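Look at the sequence and structure first, then read on.

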Amino acid sequence: MTAPISERLEDADAARESGRRKMDWAAQHMPICDALASEFEAEQPFEGERIGMAMHVEAKTAILAEILAAGGAEVAITGCNPLSTHDDVSAALDAVSGVTSYAERGVDDDEYYAAIEAVIDHEPTITVDDGMDLVAAIHEDYPELIDTIVGGAEETTTGVHRLRAMDEDGQLDYPVFAVNDTPMKRLFDNVHGTGESSLASIAMTTNLSWAGKTVVVAGYGHCGKGVAKKASGQNADVVVTEVEPRRALEAHMEGYDVLPMLEAAAEGDVFITTTGNRDVIVEEHFERMQDGVLLANAGHFDVEIDLDALSDLAVDSYEARDGVQAYEMADGRRLNVLAEGRLVNLATPIALGHPVEVMDQSFGIQAVVVRELVENGDAYEAGVHDVPDRLDKEVAEIKLDAEGVEFDGLTETQAEYMDSWQHGTCEVSNEVRNLESERGA
């Protein structure tokens with residue numbers, strides 16, 4: 001049976017002190033979570049609830065778990081990636097009243113799933129997931145718990161794709177909110193968060209510049225757009241590869257070169273996958289790449305770059321830098337893989353994940369969605385649900401208020417105009433109508 005992280009560390013006290021310092025720094029820059037924490041502490045909306053979480057356990061995620069516990073929940077959490085946990089943060093979180101953390105960095109596959117089962121042993125009534133491994137494990141191995149689960153929330157693109165496929169197959173047996181797809185998450189976390197954190201992590205891990213390099217971005221969804229935009233902003237030449245014609249056209253119209261991966265493979269200095277799909281970069285691409293390329297994945301799972309094929313091609317493999325594995329080809333070329341092909345913004349040795357302010361918005365959405373499940377869970381049938389627009393706007397308004405930004409509202413006349421179908425091309429004022437009516441009389 002998997003023990004909490006505090007029982008597995010040699011110096012848990014030192015780890016907790018370090019992790020708490022990271023959490024306190026993040027909390028200073030998370031006004032949305034701070035506002036919601038005050039609400040939750042006062043109203044205790046989650047009293048009696050057991051919240052199971054499988055997420056990237058680092059400082060910002062820890063703040064989310066902490067405010068859910070502050071609202072009365074019993075929280076059990078583990079990682080959603082074997083390399084993304086910060087052990088000191090996990091230990092600090094494990095010391096928070098109402099929270100048990102099983103997350104540890106560097107676990108093998110068996111240990112990873114054992115920690116998920118440890119979370120499930122708490123018999124959660126609500127799930128908060130990043131990648132859908134927790135939801136899948138419950139449905140596959142613990143279906144007897146489903147009747148007592150109010151619902152769940154899914155953080156990321158890959159998880160939502162899996163959930164929708166599960167829903168279409170009629171296999172999703174409780175309601176789950178697609179947090180990833182709501183504007184306050186998608187337009188900021190996926191674009192700015194992924195773009196900034198991926199490039200920062202690659203630069204810090206390699207100590208190399210972006211200027212003048214050709215960066216190949218695989219996939220032009222919201223994450224790919226963010227990576228392309230930020231790379232271009234750091235004076236890199238950007239090439240986009242796509243399988244969806246409208247996104248390929250969009251990338252072309254926004255000024256990027258669009259090529260098939262087979263052609264881009266010969267041109268790129270850095271390759272960043274953002275598709276959420278498998279086998280994006282494979283053997284035929286490796287054979288065309290130039291010496292010294294960097295290969296990084298900013299999608300969710302480590303299947304976008306075919307590392308088995310790369311290993312088979314290599315005559316030697318060694319750690320070139322912390323977090324960088326070099327694969328030497330028979331002709332002397334070296335292809336460098338970052339973070340074992342896992343999420344580069346979270347799995348390199350010095351990765352910090354998305355900027356704090358960005359995750360404040362995403363985790364604000366998670367928090368209000370959990371509140372919605374507790375307050376109105378009976379209104380949602382099993383399946384994938386969009387986040388109600390009123391919740392998305394609530395989080396945006398908290399953020400604007402914290403930033404001191406004022407914005408307009410609709411007048412009653414404007415609101416009536418927008419809600420009516422009766423306004424045509426030629427508008428006639430009420431005064432004119434009344435005058436014509438009087439003349440007719």
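This is a predicted model: local features need pLDDT of at least 70, side-chain atom pairs count only at pLDDT 80 or more; totals for chains, interfaces and linings use all residues.

## Helices H15 and H16

Helix H15 (residues 356–376) and helix H16 (residues 389–403) have axes that come within 10 Å and cross at roughly 135°. That angle makes H15 oblique to H16. The crossing is right-handed. Residues are numbered from 1 along each chain as its sequence is written, and side-chain values use heavy atoms, leaving out hydrogens and water.

Some terms need cut-offs. Helices are DSSP runs (H or I, at least four residues), numbered from the N terminus. Axes are lines fitted to C-alpha atoms over the stretch in contact, with angles from 0 to 180 degrees between N-to-C directions. Angles under 35 degrees count as roughly parallel, over 145 as roughly antiparallel, 65 to 115 as roughly perpendicular, and the rest as oblique. A crossing is right-handed if the near helix is turned clockwise from the far one by less than a right angle. Contact means heavy atoms within 4.5 Å. Ala, Val, Leu, Ile, Met, Phe, Trp, Tyr, Cys and Pro count as nonpolar, Asp, Glu, Lys and Arg as charged, and the others as polar.

## Helices H1 and H3

Helix H1 (residues 12–28) packs on helix H3 (residues 59–70) at an angle of about 80°, with axes 8 Å apart. The two are therefore roughly perpendicular. H1 brings Arg-20, Lys-22, Met-23, Ala-26 and Ala-27 to the contact, and H3 brings Ala-59, Lys-60, Ala-62, Ile-63 and Glu-66. These residues divide into 6 nonpolar, no polar and 4 charged.

## The largest pocket

The largest pocket has a volume of about 970 Å³. A pocket is an open set of points on a 1 Å grid, with protein on both sides within 12 Å along at least five of seven lines; lining residues have an atom within 4 Å of a point. Here 49 residues form the lining, and Thr-157, Cys-223, Thr-274, Thr-275 and Gly-276 lie nearest the centre. The lining has 15 nonpolar, 23 polar and 11 charged residues.

## The largest cavity

The structure holds 1 cavity of 30 Å³ or more. A cavity is a set of points where a 1.4 Å probe fits but cannot get out. The volume of the largest is about 40 Å³. Helix H8 (residues 183–206) gives the most to the lining, with 3 residues. Trp-210, Lys-213 and Val-270 are among the lining residues.

Conventions:
Grid points are joined across faces, edges and corners, and a volume is the space filled by probe spheres set on the points.
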